[in-house]
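Morning, everyone. Please take a look at the model on the screen, and then I'll walk you through it.

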Amino acid sequence: MAVLEISDLVVAWDPRSGEQLPVRRDDVLATLRAAGDARAARIVERMPVAGEFLDQRAVNRTLVRVHTELQRLNEELHMAQRFAELLRPMLAATGVRRPRVVDIGCGLGFVLRSLAASGLLGADVELVGVDGNRALVDEAARLAAAEGLPCRFVCGDAFALDEDATVYLSNGVLHHFPAASLAEFFQAQDRPGTHGFLHYDIAATPLAPFGAWLFHRARMREPLGRHDGVASARRAHGDDVLLSAARQAAGLDAFLFEPIRFANPFCAAMRPVLGLRPELTDGFRRALGRRARGLVA
């Protein structure tokens with residue numbers, strides 16, 4: 001049976017207007033029960049409703065709380081540092097004087113806000129976050145303004161990007177898409193002016209579901225977050241699936257990166273797939289130095 005995440009089912013957005021659409025609770029319950037996920041159905045049954053529809057404001061508040069808890073997990077996994085480890089040599093290889101980094105499915109913008117606050121990429125890098133959920137975008141923008149950070153956030157479609165980028169990135173987004181849609185996702189980033197992409201997602205290892213259960217049980221309080229955290233690890237795509245899909249972006253060389261520093265299987269919970277214009281690959285390898293041994297084509 002399909003493994004589903006509640007957060008994918010309880011919100012819907014009009015891709016053209018960006019307006020939030022009503023979601024009938026019984027439809028969500030029927031989908032979850034058909035997938036054999038009684039626990040998820042019980043979680044949705046406890047969510048507030050307005051008539052026959054889920055209460056949109058209550059759902060949005062729940063998702064913001066879940067993403068706030070996810071931010072703590074990302075801090076513990078040092079995700080901003082992991083992105084910087086590869087982004088800095090990628091951007092150096094491009095030679096672009098004022099590069100633009102766009103985070104697809106940015107949620108609360110943790111990665112971009114962390115990169116902006118730390119200065120790990122330097123002051124000349126423009127940081128833009130894109131997400132299909134307006135509630136998360138609004139909260140990300142509010143947090144960035146409160147923190148005085150030079151990054152901005154907009155609503156957008158991961159498969160029809162309005163935002164140009166020197167490098168696209170994402171964090172924990174790929175498993176939300178079925179394998180059959182991954183090629184389209186990567187191809188959407190093979191566009192003029194784009195030099196590469198860098199997408200971290202859960203490594204599909206035998207330990208991943210247990211590790212996700214352990215992390216989420218210990219660190220998260222929202223039942224929705226605990227459920228979806230384990231489901232996300234069960235939905236993670238294997239290395240072959242990711243590489244095959246990334247190669248469909250025909251203008252870019254595709255790699256996995258297995259950093260030597262994080263050999264511990266729990267520390268290697270997140271694994272990136274990246275792409276780069278062929279003429280930049282040698283420069284990227286040189287900029288990586290010894291870490292280039294972690295590139296797998």
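Of the 297 residues of the protein chain, 53% count as buried. Buried means under 20% relative accessible area, exposed means over 50%, and partly exposed is in between, with a 1.4 Å probe and protein chains only. Two notes on the source. This is a predicted model, where local features need pLDDT of at least 70, side-chain atom pairs count only at pLDDT 80 or more, and totals for chains, interfaces and linings use all residues. Residues are numbered from 1 along each chain as its sequence is written, and side-chain values use heavy atoms, with hydrogens and water left out.

Now the overall picture. The protein chain has 12 helices and 12 strands. Those are DSSP runs numbered from the N terminus: helices are H or I with at least four residues, strands are E with at least two. The radius of gyration is 19 Å, close to the 19 Å that the globule rule gives for 297 residues, so the protein chain is as compact as a globular protein of that length. That radius is taken over C-alpha atoms, and the rule is 2.2 Å times the number of residues to the power 0.38. Along its principal axes, the C-alpha trace spans about 60 × 40 × 35 Å.

Eight strands form an open sheet, in the order 7-6-5-8-9-11-10-12, with mixed pairing. Two strands pair if DSSP finds at least two bridges between them. The edges are strand 7 (151-155) and strand 12, each pairing on one side only. Strand 6 (residues 126-131) runs parallel to strand 7, and five bridges join them. Look for G129, which stands opposite F153 in strand 7.

UniProt has an unreviewed entry that places "domain: Methyltransferase" at residues 101-187. Such annotations may be inferred rather than shown by experiment. That stretch is 37% helix and 23% strand. Its end C-alpha atoms are 17 Å apart.

Last stop: helix 12, residues 278-288. Which of its residues are buried? They are L280, T281, F284 and L288. They cover an arc of only 120° around the axis, which puts them on the same side of helix 12. The arc is that of the directions from the helix axis to the C-beta atoms. On the other side, E279, D282 and R286 are exposed. The buried residues of helix 12 pack against helix 5 (79-94), strand 10 (253-257), strand 11 (270-276) and strand 12 (295-296). Contact here means heavy atoms within 4.5 Å. After helix 12 comes G289, whose phi is positive, near 65°.
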